[in-house]
Amino acid sequence: MAGDDKKKIASADDFEDDFQEEAVYSDNEPVIEDDGQVDDNLKRKNIPESEEQQPKKKKKKQQKKKKGSNNPFDTISIWKENAATQAAYVKDRQMIALPDLSAVELEEQYLPEEIFVNNEKFNQEHTLEALPNYIKFGVAGHKKLLKKPEALASPVALVVTHSAIRAVDLARALKEFSKTAKIAKLFAKHFKIEEQVNFLEREPIHIGVCTPNRLQALVDQDHLSLSKLELIVIDTEKNSKTFNIFDNQEVRGDLFKFLGSHISMLMKHNKIKVGLF
């Protein structure tokens, strides 16, 4: 059929009163011509062209609401708590960090309530400036910290934290003790272990600022003695990902290994206090 003979599309207003609607066929139904033959190539569509051309609107996916944690220790400010709460907190974190240990093995490494410092009685805030006073608060005869130590590689207090960067800040905060004794910087990245060994063999120390892995290595290799240790301060400051040392998967295994293999032995003789700062 020539182009000028094409029929115009009628609007609803153009229909006659006696207009009868033609039969509508489905997409899959063949059209039967006048001679009775079925033309498989001809398919009628029951969807108007104007609707076919319209893009389908995508349904917006509803974001699933994040479920809040049911564990009360996930939101607690542990450095404010009493000894009983600190002991329960460390036990809870230990069970999460060491899922492969049996109940008996975990029981052997639990730290009892009586060795924790009661932080409810410490009235200062959790700041770097408060750290020296917290150490004095936790060490029984804290005046000894103001006198020059005599024993090599035998600290009275250890401060353990999650990273070398944080350890630098903590060591700087303890500068008042450097008037009588040097602070041992016992962490990786900034110092080689050989340099730290040489330092410990030459300089008596009262306090060591450490990361868990380097602390474990120095004690295991007998370069650092825990015979005079009275206090281990565990820094609970959170990192950029809001994980503290007990939640940080990169360091918590080393921390619990040190506590289980060394601190658990000292606490049997009531020679040690643990403070969560």
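Here are a few worked exercises on a predicted model, covering ring pairs, one threonine and a helix crossing.

**Exercise 1. Work out how the rings of F122 and Y134 are arranged, and which parts of the chain they tie together.**

Step 1: Start with the overall picture. A search of the whole structure turns up seven aromatic pairs.

Step 2: Look at the geometry. For F122 and Y134, the ring centres sit 5.1 Å apart and the planes meet at 85 degrees. Planes over 60 degrees apart count as edge-to-face, so that's what this pair is.

Step 3: Place the residues. F122 is in the loop between α3 (103-109) and α4 (131-138), while Y134 belongs to helix α4, so the pair links parts 12 residues apart in sequence.

Step 4: Check the surroundings. The cut-off for buried is under 20% relative accessible area. F122 comes in at 13%, so it is buried, and Y134 at 1% is buried too.

Step 5: F122 and Y134 belong to one aromatic cluster along with F137 and F277.

**Exercise 2. Classify the ring pair F187 and F191, then decide for each residue: buried or partly exposed?**

Step 1: Now take the residues one by one. F187 has 1% relative accessibility and counts as buried. F191 has a relative accessible area of 29%, which makes it partly exposed.

**Exercise 3. Describe the setting of T161 and find the side chain that T161 joins through a polar contact.**

Step 1: Find T161 in the chain. You'll see it in the loop between β3 (157-160) and α5 (164-173).

Step 2: T161 is at 0% relative accessibility and counts as buried.

Step 3: Pick out the polar partner. The side chains of T161 and D235 are joined by a polar contact of 2.7 Å.

Step 4: Leaving aside residues up to four places away in sequence, T161 touches R166, A167, L170, C210, T211, P212, D235 and I245.

**Exercise 4. Work out how α6 and α7 are set relative to each other, and which residues make the contact.**

Step 1: Get the numbers. Helix α6 (residues 193-202) packs against helix α7 (residues 212-220) at about 55 degrees, with the axes 12 Å apart.

Step 2: Name the arrangement. The two helices, α6 and α7, are therefore oblique to each other, and their crossing is right-handed.

Step 3: List who touches whom. I193, Q196, V197 and L200 of α6 meet R214, A217 and L218 of α7.

How values were computed:
Residues are numbered from 1 along each chain as its sequence is written. This is a predicted model: local features need pLDDT of at least 70, side-chain atom pairs count only at pLDDT 80 or more; totals for chains, interfaces and linings use all residues. Side-chain values use heavy atoms; hydrogens and water are left out. Rings of Phe, Tyr and Trp (its six-membered ring) pair if their centres lie within 6.5 Å; planes under 30 degrees apart count as stacked, over 60 as edge-to-face and the rest as tilted. Helices (H or I, at least four residues) and strands (E, at least two) are DSSP runs, numbered from the N terminus. Buried means under 20% relative accessible area, exposed over 50%, partly exposed in between (1.4 Å probe, protein chains only). A polar contact is a pair of N or O atoms within 3.5 Å; within protein, one must be able to donate a hydrogen and the other to accept it, and residues adjacent in sequence count only if both atoms are side-chain atoms. Contact means heavy atoms within 4.5 Å. Axes are lines fitted to C-alpha atoms, for helices over the stretch in contact, and angles run from 0 to 180 degrees between N-to-C directions. Angles under 35 degrees count as roughly parallel, over 145 as roughly antiparallel, 65 to 115 as roughly perpendicular and the rest as oblique. A crossing is left-handed if the near helix is turned anticlockwise from the far one by less than a right angle, and right-handed if clockwise.
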